[in-house]
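Trainee: I'd like to learn how to read a few features in a model like this one. Can we go through them one at a time?

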Amino acid sequence: MRITPVTKRIWLPAPLLLFLLPSLLLIVVFFVVPISLTGIISLTSLDYRFRWDFVGLTNFLMLLQDTIIPRVLLNTGVYVFTTLLLFHLGLGLGLALLTAALPERPAVILRLIWLLPRFTPSVVYILLWRLLLDPTTYGLLNRVRAAFGAAPVDLLTEHPWSVIVLVNGLTGASLGLVIFTAAIESIPRDLLRAARVDGATTLHIVWRIILPLLRWPVMFVTTYQTLSLLASFEAVLLLTNGGPFYATEVWTLYAYHHAFAFSAFGYGCAMTFVLVLIGSIVSLLYWRVFRFTHLLQTPPIENG
Amino acid sequence: MRGEDDGITQHRGAHRVLTAALALLSIPIVLMYLWLLLASVNRDSLSSFLPTGWTLHHWRFLWLATIKPGYPNIWVVTGNSLLFAIAVMVLEVSMALLAGYVLSRWQFRGRLLLLQGTLLLHAFPAITLIIAVFFILRALRLLHTLAGVMLVKVALELPFALWVMKGFFDGIPWQVEMAALVDGANRFTTWYRILLPQIRPGITALSLFAFLSGWGEYVFLVTFILDKSGWTLSRYVASILGEGEVFVDYGLITAVGLFYMLPALVLFTLAHKYLVRLPFGVGTR
C-alpha cells in the first residue's frame with residue numbers, strides 16, 4: 001500500500017473513480033454538453049415545433065440585420081461598464097478601504113449591512129426596491145419627497161437605467177467588499193506602521209502602499225464581474241423585463257425572451273453562443289493572466 | 001490586533017467621522033429592511049411608516065388556504081423551497097466532499113485537466129447555457145420537475161464547491177491519514193472517519209452557502225417549472241410582484257417577503273464569518 005503521494009501519473013483506482021464520478025457526470029451533462037449544444041442549436045431553426053432543421057449561419061446573419069440589436073448592444077455596454085466602475089470597483093473598493101480604517105466592531109457591523117442585499121433572496125430584494133420606488137404617494141421615496149413638499153416621481157419608468165444599475169450594483173459591491181477586505185487584511189500591519197513611522201500620511205499609505213498591493217484583486221474582480229455582468233439579467237427581468245419597449249433589454253435577456261417567450265430557440269442560441277465564445281476566450285485569458293498554476297500544486301491552506 | 005493600532009489611520013476623531021459617514025450612507029439600506037419588518041405588522045401600512053397599531057392580519061396567508069384564487073397554499077410552496085434548497089445543499093456538499101478529497105490527495109492521469117477545467121468553468125457565465133439546458137432537461141424527461149432544476153443548480157455550482165472542498169482537504173496534514181491507513185483502515189473509512197470530522201467548518205460553510213443559493217434561486221425555477229404544484233417561494237413572491245391589485249396591499253406583500261427572507265437572514269448571520277475564508281476569488285490569495 002502506498003501511503004505517500006504518488007508522483008508518477010497513473011490511472012485512478014476504480015473505487016476512487018467512484019468518488020469523482022457523480023461530480024464529473026453532472027458537470028459534463030449540465031455544463032460541457034450545453035456549451036457545445038448551444039453551438040449546435042444556433043445552427044438550426046428550432047422553434048415551438050421542436051424540429052431540428054439545420055439552416056447554417058442564417059441565425060447569425062439575422063443577428064446582423066436585427067434592428068433591435070444596436071440598442072441591445074448599447075444597453076449591455078452601459079449596464080456592464082457603469083455597474084462595474086461605479087459599484088463593483090468604486091463602491092466595493094471604497095467601502096473596503098473605509099471599513100478597514102475603522103475599529104473592528106463598527107467595521108464588521110457596516111460590512112454586514114452591505115452584505116445583506118447579497119444574501120437576501122433576489123426576489124425579495126427586488127420587492128424591497130419596488131416598494132421603495134412605488135410611483136404612488138405610498139412609496140417610501142415619494143413619502144420622503146412629500147415631507148419636503150416635492151411631487152411624487154416614478155423613477156423606474158423615468159430613469160430605468162439608473163435604477164437597474166443602482167439595484168444590481170449594491171449587491172455587486174459586496175463581492176468587491178469581501179475580496180478587497182480580505183486582501184487588505186492580508187497586508188502585514190508592520191508595513192503600514194513602518195510607513196507611518198517614516199512620516200507617511202494616511203493618504204500616502206492608501207495611495208502608495210495599499211492600492212498597489214490591491215492590483216491583482218482589482219484585476220480579478222474586473223474580469224470576473226465583466227463576465228458575470230455580461231451574462232446576468234435577473235435584476236433586469238424582475239425590475240423592467242427589458243421595457244419600456246426594449247429600453248432596458250440587455251443581450252442575455254433578449255436571447256432569453258427569444259427562446260422562452262417567442263420559442264425561437266435557434267435564434268436565442270445564436271445570441272448566447274456569442275457570449276459563450278466571449279466567456280470561453282475571457283476565461284482562458286483569465287487563466288493565463290492570473291497564473292493559477294501555483295494553485296494546482298499547493299493550494300491555499302484554509303485554517304478552518 | 002486591529003483598532004487603535006491598525007496602521008491605516010490612528011486618530012480616534014477620524015474613526016468617529018468615518019463611522020458616522022458610513023453609517024449615514026448605510027441608512028437607506030437599513031430603512032428598506034426596517035420597513036419590510038414594520039409594514040408587515042402595521043395595522044395601516046399604507047399611510048404611515050411607523051406603525052399606528054399592531055396587527056397579524058397581513059400574515060393571514062399563513063393560515064388561509066390561499067391568498068387569492070390561483071395561488072397555491074403557502075405551506076406547499078414553502079415545502080417546495082425547503083426541499084429544493086436542502087437537496088441542492090446535500091447533493092452539492094456530498095459531491096464536493098467526495099471529489100475534493102480525490103483531487104486533493106491523488107496524483108492521477110487527467111487530474112490537471114480536471115482542475116484546470118473546473119477552474120475555467122468557475123468563471124464561465126453559466127446562465128448563458130439556459131437554452132441548451134432546457135433541451136437537455138427535456139431529453140432527460142426532467143423538465144417541469146424540481147429534481148431536474150436541482151441537478152442543474154448543483155452542476156453549475158460544483159466547480160466552485162469542488163475548489164472550496166479541495167482547499168479544505170489540502171489543509172489537513174498527510175500524517176493524520178497515513179496513521180489511519182497504517183492501522184489498517186481502508187480509503188473510505190479514512191475519508192469518512194478521519195478526514196471529514198477535521199474539515200467540519202468547511203462543510204458547515206459550504207452547506208450554508210449552498211442552502212442560501214438554493215433558497216434564493218429564481219431564474220432557473222421560473223423558466224423550467226410551469227406547474228403550480230412546483231412553485232417555490234421565489235416564484236410565489238415574483239407573481240405577487242407582477243400583480244397590480246395585490247401590490248397595493250403593502251402589508252401582505254411585506255409579510256410574504258419577510259416570511260421568505262427570514263430563514264435566509266438567520267443563516268446569513270451564521271454564515272457571514274465564513275465568507276472571507278472561502279476562496280471566492282481564487283485569484284486573491
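Trainee: Let's start with F245(A): is F245(A) buried or exposed?

Mentor: Keep in mind that this is a predicted model. F245(A) has 9 other C-beta atoms within 10 Å, so it's exposed. Its place is the loop between helix 12 (234-239) and helix 13 (251-260) of chain A. Check the backbone too: phi of F245(A) is near 40°, a positive value in a residue other than glycine.

Trainee: And where does R141(B) lie?

Mentor: In the loop between helix 4 (130-139) and helix 5 (146-170) of chain B. Phi is positive for R141(B) as well, near 60°, and again the residue isn't glycine. R141(B) is exposed, with 9 other C-beta atoms within 10 Å.

Trainee: Now the helices. At what angle do helix 1 of chain A and helix 2 of chain B pack?

Mentor: The general idea is that two packed helices are described by the angle between their axes and the distance between the axes. Here helix 1 (residues 14-41) of chain A and helix 2 (residues 74-105) of chain B sit at about 130°, axes 8 Å apart. That makes the pair oblique, and the crossing is left-handed.

Trainee: Which residues meet there?

Mentor: From helix 1 of chain A, L16(A), F19(A), L20(A), P22(A) and S23(A); from helix 2 of chain B, M95(B), L98(B), A99(B), Y101(B) and V102(B). By type, that's nine nonpolar, one polar and no charged.

Trainee: How many residues of chain B are in contact with chain A?

Mentor: 93, and they touch 102 residues of chain A. The chain B side splits into 66 nonpolar, 19 polar and eight charged.

Note on methods:
Residues numbered from 1 in each chain as written. Chains lettered and ligands numbered in written order. Predicted model: local features only at pLDDT ≥ 70, side-chain atom pairs only at ≥ 80, totals over all residues. Axes fitted to C-alpha atoms, helices over the stretch in contact; angles between N-to-C directions. Helix = DSSP H or I, 4+ residues; strand = E, 2+ residues; numbered from the N terminus. Parallel < 35°, antiparallel > 145°, perpendicular 65-115°, else oblique. Left-handed = near helix turned anticlockwise from the far one by under 90°. Contact = placed C-beta atoms within 7 Å. Nonpolar A, V, L, I, M, F, W, Y, C, P; charged D, E, K, R; others polar. Buried ≥ 20, exposed ≤ 12 C-beta atoms within 10 Å, placed from the backbone.
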